[in-house]
Structures are given as structure tokens and as C-alpha cells.
Amino acid sequence: MIDPLYLEGVIKILFVFVLISAALIISTRSLSSVLNTYTVQSFLLAAVSVLLYLIDGKSELLLLAGLTLASKVLLIPHFINRIEEKIKIRRDLDFTYLEPTTSLLLSIGLILLSYTFLSRVFGDLALSRLFFFGAVIGLSLTLMGMLVMFSRKKVITKALGYLSMENGVLMLGIFVTELPFILEVLIVIDLIILVLLTSILAVGLDSSIEEYRAKIRKLQIWNGGEAL
Amino acid sequence: MIRFYLLAMGAFLALGLFPKSHRLMNALASGNALLHLALTCTALLTLDLPVRYGPSLYLDHLNLYVELITVLGFCAAAPYAKGYTESLMEEGELDPKNLKLFYLAFNLLLVTATAALFSDNLALFWIFAELTTVCAAVLVSILSARENIDAGMKYVFIVSGAMLFAFLGLIFLFTLSARALGEGTLSWTELMENASSFSPALLLASFTFVFIGFGAKAGIAPFHTWLPDAYARAPSVSAILSGLMQNLGIYGILRTYALLRVSDSAPQASFILIAAGLFSIALAAFSMLQQRNLKRLIAFSSVEHMGLLLIGIGIGTPLALFWVLFYMLVHVLVKEALLFAAGILHRQYGSNMREDVRDVFKLQPRAAWTLILGSVAIVGMPPFPLFPAKFFILLESAEVSPYLTLAILLLLILAAASFSNFLLKAFSKVTEEGEEKGEGKETGYRKKSFHDPYVVRAGMRIPTVFMLALALLLGIWFPEPLRVLLEAIVLELGYV
């Protein structure tokens with residue numbers, strides 16, 4: 001058996017990496033690195049839940065880690081990657097409203113905000129320090145994801161912002177309470193549908209109608225993805 | 001039980017993938033709506049409410065009532081959709097290949113909305129509400145023109161992003177119930193029973209998050225930005241449907257607020273509701289003032305009405321709630337009539353802009369009169385039923401603060417003024433004798449001159465007249481069963 005204190009230390013280090021990944025999603029300009037960052041972030045989430053399982057021994061956490069790995073580390077990034085190749089946009093240079101530096105400063109504010117908010121809300125709730133920090137990181141991740149949706153222009157980046165928001169919600173869920181596993185499954189289904197929808201539409205956004213039809217045909221989404 | 005419903009509906013919808021003719025697809029959609037109408041009416045008349053089937057299906061007066069409103073809207077939209085999509089296809093705006101997708105999303109929207117309303121579990125409610133967003137977004141972007149896709153995306157991102165906050169709220173609620181009951185639950189009924197033992201601070205926090213999510217779904221400012229685009233860009237039918245989905249958001253807020261009423265944090269929650277409501281009305285009223293796009297005007301009027309509903313809920317007296325519920329029904333009736341008429345004008349002129357409307361009484365007299373009567377109804381003039389609804393909500397708001405009443409009243413007058421301003425400017429233009437004739441808009445696919453009246457198909461005309469007539473009827477005669485139903489809802493939500 002591994003020492004729980006050691007595991008807690010590892011989890012705290014992972015928290016830092018999660019925050020760094022959120023900051024990278026806000027500021028990176030190359031689409032493929034945003035996608036990679038998201039993949040890493042989801043992987044970190046899976047790792048955190050495995051470590052928590054080692055501490056707590058709740059089997060739902062292990063299931064959750066498996067689900068996260070399958071859907072958010074493998075399936076969704078693979079799909080978005082294919083879309084990115086099709087629409088031939090490599091970089092998302094445009095920022096609306098906020099430049100990356102401002103967003104980063106703002107996200108520090110958001111982290112502080114979620115810390116004060118949660119410490120007030122959970123004041124009378126006996127959460128251990130680790131779990132409290134997990135909740136704070138979860139909430140900040142959600143808010144930072146929202147910032148991405150606000151400030152980035154390309155649909156794919158917006159979608160990734162949404163996905164990272166959802167990572168934050170899951171993280172908060174893990175640390176604050178034991179959500180029934182079926183809930184997590186439902187959210188993942190919801191995510192997959194949304195990603196499908198938005199990326200199909202995204203193909204259309206940067207083209208006229210005729211081009212759009214041609215591109216959709218090339219994508220072969222409806223015919224089960226024959227030779228591309 | 002909800003599983004069986006979904007299975008049955010899944011089989012039913014699979015049927016919809018076979019037919020090739022438009023008539024069959026449309027008949028299936030109408031059949032679907034009528035089937036739901038029949039089921040809802042049977043449940044309302046025969047069941048001893050509230051009933052619960054299995055772990056997740058829960059029927060009470062409130063969700064049956066909201067379902068009734070939704071289904072009424074669908075029943076009217078289905079025949080209208082036939083004529084409307086046909087003319088869209090004639091003019092090449094809608095790809096015939098997408099027709100099947102349109103009807104699939106149309107039917108799925110009704111099924112998911114029904115499942116959302118009747119699920120007792122908040123998490124199920126959340127996920128089905130999310131799915132309605134997806135279906136509605138497909139309907140908005142169905143025309144596969146760039147602007148439509150834009151509007152659809154905006155819709156998905158804003159509403160789904162906000163709904164994630166609602167999910168955060170659900171997590172808080174779950175934690176609360178786990179602390180109070182030993183085991184976490186998200187079932188409406190159990191939460192309602194135990195809400196008084198929850199910690200007020202945490203309850204308020206979860207309410208706020210849930211409010212953000214469902215507020216965005218209902219189109220409350222500042223999360224309303226998807227709404228004008230969706231209304232303006234989407235084909236009229238789809239706009240109606242996404243409008244119906246706004247009631248789903250209000251339903252969620254109503255339920256969650258009922259949880260809070262017994263706790264100490266009720267005053268803060270109702271402050272949030274009233275503030276958001278007032279902000280929505282103000283923002284909508286000022287955006288409507290110089291609005292030149294008819295559908296945008298109608299969209300902002302939706303924001304305004306949702307704001308008034310929120311204020312009604314926030315006031316929190318049984319009388320206010322009674323009229324809020326009535327308001328939800330009438331708003332859908334009148335709004336549908338308006339959007340139907342706006343759709344006919346859009347077919348006629350190929351545009352929603354005020355400047356493009358000419359000779360309206362010669363070309364589309366019926367649609368013009370529907371718009372005029374509908375506007376009279378929507379701004380709350382008697383004899384239309386929005387008058388008593390607005391009147392009593394305003395009356396009750398005076399108990400919170402007379403300044404609130406005054407502010408709402410002024411803003412409502414502003415909204416009414418913008419409607420009349422629009423109608424006067426749009427409908428008073430008549431082509432003089434000898435003036436240049438036959439200048440159709442040359443926009444690629446639109447070759448015919450807009451001096452020929454657009455032939456309104458019977459399927460489009462009947463629902464329009466029907467909705468308006470129903471609204472007028474409700475204004476003159478308040479049916480006794482409806483009163484009993486609304487009072488039962490007020491009691492069930494714990495307002496005494």
C-alpha cells in the first residue's frame with residue numbers, strides 16, 4: 001500500500017499542471033497545441049481520479065478514469081484532429097474582446113474568486129484540505145474554460161474551451177461529492193454529441209454553401225468514414 | 001418508465017427515416033404532436049396527480065401543464081412547417097436532402113422536451129434539456145447558410161456553456177442532500193420534502209448556478225445574446241420551437257425556486273430573480289425601440305416577457321405565480337401567431353427588414369392583420385389575456401416596491417411603443433400609381449417580382465388564425481378547468 005500522504009502530494013502537483021494546461025489553452029495560438037493541451041489535461045484528470053481511488057478505494061473513480069481515458073484522451077481529440085485536418089486551419093490568431101495577457105491576468109482573478117467563493121460556501125462543510133483545493137481547481141478550470149469560449153474566435157477553439165469547462169465540472173464533482181457513475185456517462189454522451197454537432201457546423205462556417213456540401217461529403221461522416 | 005417511453009419513441013422516430021414523400025414525413029410529425037397532445041390530455045383528465053412511475057417518471061400538474069403548452073405549440077407548428085419548408089425548397093434555400101434531418105430534429109425535440117419535463121431526477125432533466133438545445137440548434141442551422149450556422153453555433157455554445165454552470169449547481173445540491181439525508185439524491189420530490197433542512201448558504205449558491213444555466217435556456221439577459229440571432233436567421237418554424245424551449249428554462253427555474261422558498265435564503269433568491277428580470281426587460285425594451293428587423297423585434301419581445309415572468313416568480317406570492325403560469329400559456333399562443341405571420345411576410349418579401357415591406361394590405365392582408373392583432377395582444381391590451389396577467393403581476397410587484405412597478409410599467413410602454421412604431425412604418429408604405437413597378441430583389445435565387453402575392457398554403461394559414469383565436473378566447477372567457485389546474489400547481493409548489 002502506498003502512503004496516502006505521498007499520494008496527496010502527487011495530486012497537488014497534478015493540480016498545478018492542470019492549471020498550467022488551462023492557461024495554455026487560453027493563450028496558445030496553434031490549434032494543434034490547444035488540442036494536445038486539452039488531451040493532456042484530460043489525461044491529468046484521469047490520473048487524479050486513479051490516485052484518489054488509491055486513497056479512497058471507491059471503484060467509481062476507477063471507472064471514471066477509464067471513461068475519461070476512452071472518451072476524452074482518445075476519441076474526442078482524434079475526431080477533432082480529423083476535423084482540423086479537413087478545414088486546414090492551423091492557427092487561431094484572432095482574439096475577440098481579450099488578448100491572451102489580459103485573459104491570463106483575469107484568470108488569476110478567477111482562481112482567487114473561486115477560492116473565496118468556495119471557502120465561504122463550504123465554510124460549514126467539513127472538507128479536507130485536499131478536497132477543498134480540488135474543488136477550487138475544478139471551479140477555476142470551469143471559469144477559465146468559459147474565458148476561452150468568450151475570447152477565442154475559431155469554433156474549434158471555442159469547442160475546446162467548452163470541453164475544458166466540462167473537465168472542470170467533473171473535477172469539482174470528484175472532489176466535492178461522489179456523483180453516481182451514470183451521471184458521468186450522461187455528461188460524456190452529451191459532450192460527444194456536442195462535439196460532433198459543432199465540428200460539423202464548423203466545417204461549414206468557413207465556406208460557402210457549395211464548398212460546405214463538398215467538404216461534408218469529403219468528411220464522410222454520414223457514410224461511416226470510408227477511405228478519406 | 002422513462003426508458004420505455006424513450007424506446008417507444010425511438011421506434012416511432014425510426015419509422016420517420018423511411019418515407020420519401022414530404023407529406024408522409026409531415027404527417028408523422030403531426031401525428032407525433034397529436035399523440036403527445038392526446039396522452040397529455042388523458043393524463044390530465046384521468047390520473048390522480050401527482051403520480052410516480054418507477055424511479056424516474058413523475059407526473060404532476062406543473063409538468064403536465066408545461067407539456068400541454070409545448071405540445072400545443074408543436075401541433076400548430078407541424079402543419080405550418082409543411083407549407084413553409086416547401087416554399088423554402090422551391091426557392092432553393094433549403095436542400096431537399098436536409099428535409100429528413102429537419103423532421104428528425106423536429107420530432108426529437110418534442111420527445112426530449114417531454115422526457116425532460118417528466119423526469120423526476122434533476123440530472124436526467126439536465127441532460128434532456130441539453131439534448132433539446134442540440135435539436136433546436138440543428139433546426140436553427142438547417143438552412144446551411146453561413147449566418148444560420150453562425151446562429152446555431154452561438155445558440156449551442158451560450159446555452160450549453162451556461163448549462164454546465166447549472167450542472168455545478170446540481171453537484172452542490174447533491175452534496176447538500178448527501179449531508180442532510182446521509183445519501184445523496186437529485187430527485188425533485190425528495191429534495192422538496194427535505195429542503196427545509198438544507199444549509200441556506202449552499203442552497204443559495206446552487207440556486208444561483210442553476211439559475212445561470214436555465215436562465216440562458218430561457219433567454220434571460222445577459223445570456224440572451226443567442227436569441228435574436230436564432231429568431232432572425234432560423235426559418236420561422238424553428239424559431240417557434242426554440243421559443244418553446246424557453247418555457248423549459250422557466251420550468252427549471254420555477255422548480256428550483258420552489259426548493260428555496262422554505263429556506264432562509266429565499267429573499268436573496270427572489271432579489272436575484274427580480275434583478276435579472278428587470279435587467280432583461282430594460283435591455284429588451286431599449287433594443288426594440290429602433291429595431292428594423294421584424295423577427296429581431298419579436299425575439300427581443302421574448303426576452304422582455306421572460307423577464308416579466310422572472311419578476312412574477314421572484315415576487316413569490318400565490319397570486320403572482322398563478323398569473324405567471326397563465327402568462328406562459330398565452331405568451332406561447334400569441335408569439336406563435338406573430339412568428340407565423342412574420343414567416344409569411346418573409347416568404348412574401350424575402351426579407352425581415354422594415355424597409356422591404358410594401359403594399360402589405362394588398363399582398364398579404366391576413367398576415368398583416370395577424371401581426372397587428374398579435375402586437376396588440378403581446379403588448380398586453382385588453383381584451384387579450386396578457387392584459388390581466390400583466391396587470392396582476394404588476395399589482396403584486398407593488399408589494400415589493402412601488403418603484404419596481406413604475407419601472408416595469410415605463411419599460412412596458414416603451415416596448416409597446418416600439419411595436420407600434422415598427423408597424424406604422426412598415427405597413428404604411430403603398431406604391432403609388434405610376435411609380436416604378438416590378439423591381440424584384442435580384443439576389444441570385446429570387447427572381448420573381450415581389451408584386452405578386454405569395455400564395456399562403458392552407459396549412460400555414462390555419463395554425464396562425466387558430467393560435468390568435470385561442471388567445472382571444474382565453475381573454476374573454478377564463479375556463480374553469482384551467483383555473484382549477486393552475487391553482488393545483490400553485491398549491492403543489494408549496495405556495496399557500
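1. A word on the model. This is a predicted model, in which local features need pLDDT of at least 70, side-chain atom pairs count only at pLDDT 80 or more, and totals for chains, interfaces and linings use all residues. Residues are numbered from 1 along each chain as its sequence is written, while chains are lettered from A and ligands numbered from 1 in the order in which they are written.

2. Chain A overall. You will find eight helices and zero strands in chain A; helices (H or I, at least four residues) and strands (E, at least two) are DSSP runs, numbered from the N terminus. Of its 228 residues, 42% count as buried. Here a residue is buried if 20 or more other C-beta atoms lie within 10 Å of its own, exposed if 12 or fewer, and partly exposed in between, with C-beta atoms placed from the backbone. Taking contacts in chain A between residues at least 6 apart in sequence, 74% join residues at least 24 apart; two residues are in contact if their C-beta atoms, placed from the backbone, lie within 7 Å.

3. Where the chains meet. On chain A, 29 residues are in contact with 30 residues of chain B. Each of α5 (129-151), α6 (155-176), α7 (181-205) and α8 (209-219) of chain A supplies at least two residues of the side that touches chain B. The most comes from α7(A), with 10 residues. By class, this side of chain A has 20 nonpolar, five polar and four charged residues. For these classes, Ala, Val, Leu, Ile, Met, Phe, Trp, Tyr, Cys and Pro count as nonpolar, Asp, Glu, Lys and Arg as charged, and the others, Gly among them, as polar.

4. A helix pair in chain A. Helix α2 (residues 31-56) of chain A and α6(A) have axes that come within 10 Å and cross at roughly 10°. Axes are lines fitted to C-alpha atoms, for helices over the stretch in contact, and angles run from 0 to 180 degrees between N-to-C directions. The two helices are therefore roughly parallel to each other; angles under 35 degrees count as roughly parallel, over 145 as roughly antiparallel, 65 to 115 as roughly perpendicular and the rest as oblique. Among the residues making the contact are Leu31(A), Tyr38(A) and Leu52(A) of α2(A), and Ile156(A), Asn167(A) and Ile174(A) of α6(A). The contact of α2(A) with α6(A) comprises 12 nonpolar, six polar and no charged residues.

5. An antiparallel pair in chain B. Helix α8 (residues 200-218) and helix α10 (residues 236-260) of chain B have axes that come within 8 Å and cross at roughly 165°. That makes α8(B) roughly antiparallel to α10(B). Their crossing is left-handed, a term used if the near helix is turned anticlockwise from the far one by less than a right angle, with right-handed used if clockwise. Residues of α8(B) including Phe207(B), Phe211(B) and Phe214(B) meet residues of α10(B) including Met245(B), Ile253(B) and Leu260(B). By class, the contact of α8(B) with α10(B) has 11 nonpolar, five polar and one charged residues.

6. A parallel pair in chain B. Helix α15 (residues 365-378) and helix α18 (residues 458-476) of chain B pack at an angle of about 30°, with their axes 11 Å apart. That makes α15(B) roughly parallel to α18(B). Both helices bring an arginine to the contact, Arg366(B) from α15(B) and Arg461(B) from α18(B). In total the contact of α15(B) with α18(B) has four nonpolar, three polar and two charged residues.

7. Gly92(B) sits in the loop between α3 (61-90) and α4 of chain B. Gly92(B) is exposed, with 12 other C-beta atoms within 10 Å.

8. Backbone details to look at. Most residues other than glycine have a negative phi, and most peptide bonds are trans. Asp359(B), however, has a positive phi of about 50° although it is not a glycine. A cis peptide bond joins Ala221(B) and Pro222(B), with omega about 0°, and Pro222(B) is in the loop between α8 and α9 (226-233) of chain B. Another cis peptide bond joins Pro382(B) and Pro383(B), with omega about 5°.
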